[in-house]
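Here are my notes for you to read with the model open beside them. Take the points in order and find each residue as you go.

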Amino acid sequence: MDALQTKREQTLLDRHIQPTAMRLLVLEELQKLQVAVSLNELEANFDRADRITLYRTLKTFQKNKLVHSIDDGTGSVKYALCSDQCECRPEEQHAHFHCNKCDLTICLNDFHLQRASLPKHFVMQEMNLVIKGLCDHCSDGT
Ligand SMILES: [Zn+2]
Ligand SMILES: [Zn+2]
């Protein structure tokens, strides 16, 4: 077993997720892609896994705060890896960027969202900021 595989097992264990072969593969894929993916996109990268297994894997990851979901306005929920120490609290949430040309969605981990001031008795459960535009590949560097 190589060092990366051992590290991935540890990543799962750190989040109290039992490392199964399937979960390790999904984690590996998410690490490789580096961008947010939808269930459909993930499914396209797996020949031998069925959709329900992948969906359950993502939901387990999400429940244990290994990934977070993003509503980027495209109609399909995307998932991206959380940073190591992330607890997915509202104050830890960051903005996302969606490229209108290539449909890529990425985490802007350094772009923290401002705490919203809400009227009395309003309770925030999540906050979502998606910046839309052209990514570095699509903007021709201008
Ligand atoms: Zn793009
Ligand atoms: Zn994110």
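1. A term before we start: a donor here is an N, O or S atom within 2.8 Å of the metal. Keep in mind, too, that you are looking at a predicted model. With that in hand, go to the zinc ion (ligand 1): its protein donors are the SG atoms of Cys99, Cys102, Cys135 and Cys138, which lie 2.3 Å from it.

2. What arrangement do the four donor atoms around the zinc ion (ligand 1) make? The angles they subtend run from 106 to 115°, which makes it tetrahedral. For comparison, the ideal angle for four tetrahedral donors is 109.5 degrees.

3. Now trace those donors along the chain: their spacing is C-x2-C-x32-C-x2-C. Cys99 sits in strand 4 (residues 94-99) and Cys138 in the segment after strand 6 (130-133), so this pair ties together parts 39 residues apart in sequence. Cys99 and Cys138 are both buried.

4. With His68 in strand 2 and His96 in strand 4, the pair ties together parts that are 28 residues apart in sequence. Are His68 and His96 buried or exposed? Both are buried.

5. Have a look at helix 2 (residues 21-33) next. Its 13 residues reach 19 Å from first C-alpha to last, close to the expected 18 Å. Leu24, Val26, Leu27, Glu29 and Leu30 are buried in this helix, and what covers its buried residues includes helix 1 (3-14), helix 4 (51-63) and strand 3 (78-81).

6. Strands 1 and 3 pair over two bridges, and you can find Val37 opposite Tyr79 in strand 3.

7. Finally, how confident is the predictor? The chain averages a pLDDT of 90, and 96% of the residues score at least 70. Strand 6 has a mean of 96.

Technical notes:
Residues are numbered from 1 along each chain as its sequence is written. Chains are lettered from A and ligands numbered from 1 in the order in which they are written. This is a predicted model: local features need pLDDT of at least 70, side-chain atom pairs count only at pLDDT 80 or more; totals for chains, interfaces and linings use all residues. Side-chain values use heavy atoms; hydrogens and water are left out. Donors are N, O and S atoms within 2.8 Å of the metal (3.2 Å for Na, K and Ca); water is not among the atoms, so sites may look incomplete. Four donors count as tetrahedral if all angles lie between 85 and 135 degrees; four count as square planar and six as octahedral if opposite donors are over 155 degrees apart and all others between 65 and 115; anything else is irregular. Helices (H or I, at least four residues) and strands (E, at least two) are DSSP runs, numbered from the N terminus. Buried means under 20% relative accessible area, exposed over 50%, partly exposed in between (1.4 Å probe, protein chains only). The expected span of a helix is 1.5 Å times one less than its number of residues. Contact means heavy atoms within 4.5 Å. pLDDT is the predictor's confidence in each residue, from 0 to 100. Two strands pair if DSSP finds at least two bridges between them.
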